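Open the model in your viewer and keep the selection tool at hand. The stops below go one after another, each with something to select.

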Amino acid sequence: MISNPHHLSRCLKPVTLAAASCLFVFASCHSSYHLTGISGTRMLIDARYDAHPDAQAAAFIAPYAHTVDSLMKPVVGKSARDMAARKPESTLSNLLSDILLWGGDEFNEHPDFAVYNMGGIRASLPEGDITYGDVLNVAPFENHICFLTLTGDKVLQLFAEMAARGGEGVSHGVNIVAGSDGKLIKATLNGQSIDPAKRYRVVTLDYLAQGNDGLTAFKDKTDIVSPQDEKYDVRNVIVGYFRHFAQQGKTVDAKVEGRFTIQ
């Protein structure tokens, strides 16, 4: 116990000076680095990572695995190749756009083209068996299929907005050419120029139909058909497509074919 307050003060001075010195050192070590950009890519996570499982992690997961597997592991079809999404065009964005087009049959809809945004594609599809879980990874959001009508001038605005974004998923028959500056150069549908006065039937996600992801041309839509039943959730439409071809003994495939190019 220190009974002399002056002595206590003398004892504290070295401690205070030491603390001040530490603060000075830490302040002088402050990094001058600053963030200049962020980039990323998608990785296909599949069975190749099961070669060296972590025993402790496996034991922890075991009680839950049976229930999850019963929901996620049923096979819904087969894919001819690994498919990933990337701008301006990719196998997976082409496939998903074509699936939306296919989904019109149940509603007696015959859309002129489909749009599927790259940002809504959250994973890749592996080659071979495709499970419900694979589809859920690709389309995890509660988006529903949506049919709508746009005038030709709004279709041109839509394609210009897609060009400014560096590309989005479009169905077979659409050909969009954009410049490296993000400007629309040319757009055709089934080889024909877009007629500004014509009305075009479009199928997309209800999320995009609201004008989200920079595709504001969709805000001027008319004649909307947007079923909200769970079975019309986009991932269930995708599952239906794979099952449809599986029942015919066919493997699902898609290729990059010049639907969206940048010059």
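Start with strand S10, residues 222-225, where Asp 223 has its place. Helices (H or I, at least four residues) and strands (E, at least two) are DSSP runs, numbered from the N terminus. This is a predicted model, in which local features need pLDDT of at least 70 and side-chain atom pairs count only at pLDDT 80 or more, while totals for chains, interfaces and linings use all residues. Residues are numbered from 1 along each chain as its sequence is written, and side-chain values use heavy atoms, with hydrogens and water left out.

**Backbone stops**

Asp 223 is not a glycine, yet its phi is positive, about 50 degrees. Asp 223 is partly exposed, with a relative accessible area of 44%. Buried means under 20% relative accessible area, exposed over 50%, and partly exposed in between (1.4 Å probe, protein chains only).

Next select Asn 190, in the loop between strand S7 (184-189) and strand S8 (192-193). Its phi is also positive, near 55 degrees, in a residue other than glycine. Asn 190 is exposed, at a relative accessible area of 57%.

Then go to Pro 88, in the loop between strand S1 (75-79) and helix H3 (91-102). A cis peptide bond joins Lys 87 to Pro 88, with omega about 5 degrees. Most residues other than glycine have a negative phi, and most peptide bonds are trans.

**The sheet**

Select S8, S7, S6 and S11: these 4 strands form an open sheet in the order S8-S7-S6-S11, with mixed pairing. Two strands pair if DSSP finds at least two bridges between them. At the edges are S8 and strand S11 (260-262), each pairing on one side only. Strand S6 (residues 174-178) and S7 run antiparallel and are joined by 5 bridges. Ala 178 stands opposite Leu 184 in S7.

**The core**

Which residues have the most contacts inside the largest nonpolar core? They are Leu 95, Phe 113, Leu 158 and Phe 159, in a core of 56 residues. A nonpolar core is a set of buried Ala, Val, Leu, Ile, Met, Phe, Trp, Tyr and Cys residues joined through side-chain atoms within 4.5 Å. Helix H7 (residues 234-247) gives the largest share of this core, 6 residues.

Finish on Leu 95. Leaving aside neighbours within four places in sequence, Leu 95 is in contact (heavy atoms within 4.5 Å) with residues including Met 83, Leu 125, Tyr 241 and Phe 242.
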